[in-house]
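Please keep the 3D view open while you read the points below.

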Amino acid sequence: MLHITPLPAFDDNYIWLFQSQQNAGVYVVDPGDGQVVIDYLSKTQQPLLGILITHHHHDHTGGIAALVAKFGNNLPVYGPQVENITGINRPISASGNITLDHSDLTARIIEVPGHTLGHICYLIEDVLFCGDTLFSGGCGRLFEGSAEQMYNSLTELAQLDDTTKVCCAHEYTLANLAFANRVEPNNEELIDYTQKANALRTQNLPTLPSSIGLEKAINPFLRSDSAEIWQSLSIQFQQPIENPLQGFALLRQWKDNF
């Protein structure tokens with residue numbers, strides 16, 4: 001069983017730590033701030049076994065150098081080869097399975113272009129580390145990829161088991177749910193989840209991890225075939241919606257300016 005811990009960083013980032021019961025040490029995902037990780041590991045007296053990077057943005061990679069300086073040049077640093085990230089010494093060039101160094105864990109690599117062209121996700125046991133591709137109630141902006149690429153990436157993630165935990169890299173949930181409720185106001189599961197998420201944030205608790213099953217029920221970017229969403233889009237953009245990809249592209253356009 002994988003044990004996961006979110007470390008808050010910057011204004012709304014989460015740096016995810018994970019470990020198995022068999023390993024005396026942790027891996028860290030997207031450490032934008034190395035000192036946050038160093039402080040936590042010093043307090044808990046745990047070694048760092050390695051780093052996983054999903055994409056090249058600085059709030060996901062900025063702590064690599066500090067962690068390598070602290071824990072040694074042999075520290076494994078995995079990441080997408082095509083994004084040419086400084087500090088990567090275990091470049092990943094394709095989808096498939098990898099065995100994590102100094103660990104008994106296997107990670108399934110899923111290529112998810114959209115937010116960036118080389119963005120990847122890591123599926124380890126029943127936990128998905130998805131960076132800035134899938135958020136609770138939302139998805140990443142299209143900084144490099146196309147709407148079709150992101151739609152296809154999210155469609156692939158939606159095929160994972162409903163119980164898969166979704167560990168994304170930002171606490172964007174309430175803002176995403178405000179938009180979701182605007183485009184699908186009669187979704188009862190969305191209304192219920194919004195209440196629960198608000199209660200968690202009132203206590204300064206994370207809304208994450210989510211799950212694939214939950215996101216399929218409440219996330220408009222996984223629901224671009226919903227009749228109610230199509231109706232909202234047709235009113236907003238004054239055009240008929242003819243297919244889920246068109247619906248997705250218009251949802252992303254609307255959310256960018258929401």
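1. Let's begin at F179, which is buried, with a relative accessible area of 0%; buried means under 20% relative accessible area, exposed over 50% and partly exposed in between, with a 1.4 Å probe and protein chains only. F221 is buried too, at 3%.

2. A word on the source: this is a predicted model, where local features need pLDDT of at least 70, side-chain atom pairs count only at pLDDT 80 or more, and totals for chains, interfaces and linings use all residues. Residues are numbered from 1 along each chain as its sequence is written, and side-chain values use heavy atoms, with hydrogens and water left out.

3. What is the total of aromatic pairs? The count comes to 11, where rings of Phe, Tyr and Trp (its six-membered ring) pair if their centres lie within 6.5 Å, and planes under 30 degrees apart count as stacked, over 60 as edge-to-face and the rest as tilted. Y27 and Y78 form a tilted pair, 6.5 Å centre to centre with 40° between the planes. This pair links distant parts of the chain, with Y27 in strand β3 and Y78 in strand β5, 51 residues apart; strands (E, at least two residues) and helices (H or I, at least four) are DSSP runs numbered from the N terminus. Y27 is buried at 1% relative accessibility, and Y78 is buried at 5%.

4. The rings of F179 and F221 are stacked, because their centres are 6.2 Å apart and their planes are at 20°. F179 sits in helix α5 and F221 in the loop between α7 and α8, 42 residues apart. Both also belong to one aromatic cluster, together with Y151, F237, F248, W254 and F258.

5. The largest pocket has a volume of about 260 Å³; a pocket is an open set of points on a 1 Å grid over the protein atoms alone, with protein on both sides within 12 Å along at least five of seven lines, and lining residues have an atom within 4 Å of a point. Grid points are joined across faces, edges and corners, and a volume is the space filled by probe spheres set on the points. Its lining has 18 residues, with F135, C139, R141, Y172 and R252 nearest the centre. Helix α9 gives the most to this lining, with 3 residues.

How values were computed. On a 1 Å grid over the protein atoms alone, a cavity is a set of points where a 1.4 Å probe fits but cannot get out, and a pocket is an open set with protein on both sides within 12 Å along at least five of seven lines; lining residues have an atom within 4 Å of a point.
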